[in-house]
Amino acid sequence: MNTSDGVLHMTWMPRPDPWPGIIGKLRQQGAAAIRSGCPIHFLVVSGADLPSSPGLTWLECGGSPGWLLGSRLWRHHWIGGSIPQGTRRCILRHAGTADLSLPWFLQRWGTRIISEHHSDPVSERAARRGSTSARPWDRFADALLPIYLRHIAGAVGVTPEISASLSRAAPGLPTAWCSNGVDCHGTPFRGRRRFAGGDLDIVAALGTEAPWHGLDRLVTGLRSFRGPHRINLRIAGRSHLPDENGPHYSVTNLGQQTPADLDRTLAEAHLGIASLALHRAGLRQACPIKSREYAARGLPFIYAYDDPDLPTGLPGVLQLQGGDDALDPTAIVEFAAALPANAAESLRRFAETRLDWSCKLPEYLRIARSMIP
């Protein structure tokens, strides 16, 4: 793994089983870097041993990093010890700051680290105040974040909103944003399946259960829906919502699906559902991986946040109002019925030219080289 002139992208993941979406994303990025010749190598440091793949190295730590002390108090000891000698630029997926080994890590590696952030932890905890996420340990981590940022070379968020938050936390810190992408090469195009009346089949593909998915908003609206069509919501992934079967709607939990089963589920759907309550994470902007996968498959989808990658008027997407109010199923039916015949092809072309990782990784590289020449 020679990263002397390129970039090492590093993720700390003591327990990989709760994060199948992140693992899939990293494998996609590694494969895209190989195909496009982009000199970024992806490394996962973990307490578990999973197989490596093209462009991605999976490194199992010695000792017990998955144990509380290993993951909470000494994580940067394991991270720093896993960075190959000679590494010039390392994009490190933000691993937290409440860590006894952090001062050593910053002294040893700080000037070669660009911190990657997928959320604004302070805003998220403020939005969920009163929950277990507002513990003293987390407040301590929030207080340490500006110190951490002041001792590294730069920070990159996945949206302009997160990038701006990082700038406020550490004035003068070089910041940038680069959104999530998708591997169109490995994502099957579902073809056309247009809604022509009768049952409207909707799918929500979830990696992990989280309140900002907002499916409760849709289910609440479905309970008062009176037709004339029937709406079937299928949830692929972890969800606390129960199965329901009303006169004009149904909710079915499919659980965690194999890749082949998920391909079939998405191919049979008319619409996909992305996040519907992002404000519960304290954010307005997002670029979820699942919305990129919907686009790559040619599956029209619905979302309720601002996505910096999606232009106004893009065929095949419907942006709804954020908040906690119940959604209006009639508006969703009307959207599905009015979709142009080429909506699926338009979404796929958009994904190939704007969202594919082969388009995103050169931007990662440019950002890293601008922050660490």
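**Entry 1: proline 228 and α8.** I began with proline 228, which sits in the loop between α8 (215–223) and β9. Helices here are DSSP runs of H or I with at least four residues, strands are runs of E with at least two, and both are numbered from the N terminus. I checked the peptide bond from glycine 227 to proline 228: it is cis, with omega near 10°. This is a predicted model, so I keep its limits in mind: local features need pLDDT of at least 70, side-chain atom pairs count only at pLDDT 80 or more, and totals for chains, interfaces and linings use all residues. Residues are numbered from 1 along each chain as its sequence is written, and side-chain values use heavy atoms, with hydrogens and water left out.

Next I looked at α8 itself. Its buried residues are Leu215, Arg217, Leu218, Val219, Gly221 and Leu222. Buried means under 20% relative accessible area, exposed over 50%, and partly exposed in between, with a 1.4 Å probe and protein chains only. What covers them? The cover includes β8, β9, β10, β11, β12 and α11. I take contact as heavy atoms within 4.5 Å.

**Entry 2: the seven-stranded sheet.** I traced an open sheet of seven strands in the order β10-β11-β9-β8-β12-β13-β14, and its pairing is mixed. β10 and β14 (317–319) are at the edges with a single partner strand each, so one side of each has no neighbour in the sheet. Two strands pair if DSSP finds at least two bridges between them.

I then went through some of the pairs.
- β9 (residues 230–236) and β11 (residues 249–255) run parallel and are joined by six bridges. Asparagine 232 has serine 250 of β11 as its bridge partner.
- β10 (residues 244–245) runs antiparallel to β11, with two bridges. Here asparagine 245 stands opposite serine 250 in β11. A hairpin of three residues connects β10 to β11.
- β13 (residues 301–303) runs parallel to β14, with three bridges. Phenylalanine 301 has valine 317 of β14 as its bridge partner.

Which helix did I find lying across β8 (199–205), β9, β12 (271–273), β13 and β14? It is α11, and it runs at about 100° to β8. Axes are lines fitted to C-alpha atoms, for helices over the stretch in contact, and angles run from 0 to 180 degrees between N-to-C directions.

**Entry 3: asparagine 342.** I moved on to the loop between α11 (329–337) and α12 (343–355), where asparagine 342 is placed.

**Entry 4: β1.** Seven of the seven residues of β1 (residues 7–13) are buried, so the strand is largely enclosed by the rest of the structure. Val7, His9, Thr11 and Met13 point one way, Leu8, Met10 and Trp12 the other, and all are buried. In a regular strand the side chains alternate between the two faces of the sheet.

I looked up two neighbours of β1. Seven bridges join β1 to β2 (residues 40–46), running parallel, and leucine 8 has histidine 41 of β2 as its partner. Three bridges join β1 to β4 (residues 90–93), also parallel, and histidine 9 has isoleucine 91 of β4 as its partner.

**Entry 5: α4.** The buried residues of α4 (residues 102–109) are Leu102, Phe105, Leu106 and Trp109. Down the axis of α4 they fall within an arc of 95°, so they line one face of the helix. The arc is that of the directions from the helix axis to the C-beta atoms. An α-helix has 3.6 residues a turn, so residues three or four places apart point the same way. Exposed Pro103 and Gln107 are on the face of α4 turned away from its buried side.

**Entry 6: the whole chain.** The secondary structure comes to 13 helices and 14 strands. Of the 373 residues, 54% count as buried. The C-alpha trace spans about 65 × 45 × 40 Å along its principal axes.
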